[in-house]
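Work through the exercises below with the coordinates open. Each task is followed by a solution in steps.

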Amino acid sequence: MNNKLKKITPFLILSILSIIYAIFIVIKERNLGWGFFAVIALIVIGILLFVVDFGLKKWLKNYKKLFLTELALLLLVVVVYNYKFNRTKTLIIPTEFNKSYVTIIYGVENSKDLSISALTWNKKIDIPKSGILLTSSDFNQNLRETDMKLDSGIYLNSDETEKGFTRMTESEFESNGRNYKFRTWKIQDGFCCSYSSKEVEKYKTELKTEFEKIKASR
């Protein structure tokens with residue numbers, strides 16, 4: 001193989017593309033604003049990739065081993081990134097859902113487990129009409145990302161509906177001597193969504209009351 005071609009590696013290509021894209025952003029955007037940090041990050045990534053590539057070339061003399069090693073490292077980064085940031089739970093609500101909040105309360109005895117493990121990548125969770133789901137699952141059995149859609153298949157926060165949602169502050173309440181942690185998402189028509197600490201506390205009080213009613217009705 002031509003010696004010049006042997007200098008071309010995945011890391012080197014990404015390094016050059018990263019720096020070129022940073023320059024493109026600077027040229028295209030007159031007022032960078034927060035984009036300034038993106039430019040800095042791209043340049044730093046480009047330099048780091050170049051340094052790592054240079055080090056690997058000194059260590060691995062065989063071009064095939066070098067190329068495959070860099071591809072394997074890139075694949076590992078992609079897998080780790082997706083595992084950490086893209087594992088998603090999809091909350092499915094009734095089409096005629098008229099509540100302002102969707103809540104999952106954890107650690108509730110005699111309730112259905114969500115069946116989320118370390119190997120779970122995506123999980124669909126049906127939310128009852130009350131908007132409150134009780135589960136025996138631990139609070140930490142969770143997937144980082146959240147989607148929400150109507151059972152008709154339309155996703156909230158999409159162009160298909162005016163409804164949007166946002167995750168509110170995670171919290172807990174005490175009931176009959178036990179603490180229950182919960183996660184809540186606020187649903188709103190139009191521009192979504194803002195909430196205050198006062199609203200959070202008010203909802204927590206209402207949620208505790210509803211929770212105790214649901215448990216008592218079992």
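The model is predicted, so local features need pLDDT of at least 70 and side-chain atom pairs count only at pLDDT 80 or more, while totals for chains, interfaces and linings use all residues. Residues are numbered from 1 along each chain as its sequence is written, and side-chain values use heavy atoms, with hydrogens and water left out.

**Exercise 1.** Compare the end-to-end spans of α2 and α3 with their expected values.

Step 1. Helices are DSSP runs (H or I, at least four residues) and strands are E runs of at least two, numbered from the N terminus. The expected span is 1.5 Å times one less than the number of residues.

Step 2. α2 has 19 residues and should span 27 Å; its end C-alpha atoms are 26 Å apart, which agrees.

Step 3. α3 has 25 residues and reaches 36 Å from first to last C-alpha, close to the expected 36 Å.

**Exercise 2.** Describe how α2 packs on α3.

Step 1. Two packed helices are described by the angle between their axes and the distance between the axes. Axes are lines fitted to C-alpha atoms, for helices over the stretch in contact, and angles run from 0 to 180 degrees between N-to-C directions.

Step 2. For α2 and α3 the angle is about 160° and the axes are 8 Å apart. That makes α2 roughly antiparallel to α3 (under 35 degrees is roughly parallel, over 145 roughly antiparallel, 65 to 115 roughly perpendicular, the rest oblique).

Step 3. The crossing of α2 past α3 is left-handed (near helix turned anticlockwise from the far one by less than a right angle; clockwise is right-handed).

Step 4. Contact means heavy atoms within 4.5 Å. Residues making the contact include Phe11, Leu12 and Ile25 of α2 and Val39, Leu42 and Leu56 of α3.

Step 5. By class, this contact of α2 with α3 has 16 nonpolar, three polar and two charged residues (nonpolar: Ala, Val, Leu, Ile, Met, Phe, Trp, Tyr, Cys and Pro; charged: Asp, Glu, Lys and Arg; polar: the others, Gly among them).

**Exercise 3.** Which residues of α3 are buried, and against what do they pack?

Step 1. Buried means under 20% relative accessible area, exposed over 50%, partly exposed in between (1.4 Å probe, protein chains only).

Step 2. In α3 the buried residues are Gly35, Val39, Leu42, Gly46, Leu49, Asp53 and Leu56. They pack against α2 (10–28) and α4.

**Exercise 4.** Classify serine 137, asparagine 157 and glycine 177 by accessibility.

Step 1. Serine 137 lies in the loop between β4 and β5. Its relative accessibility is 0%, so serine 137 counts as buried.

Step 2. Asparagine 157 is in the loop between β5 and β6. At 48% asparagine 157 counts as partly exposed.

Step 3. Glycine 177 sits in the loop between β7 and β8. Glycine 177 is exposed, with a relative accessible area of 67%.
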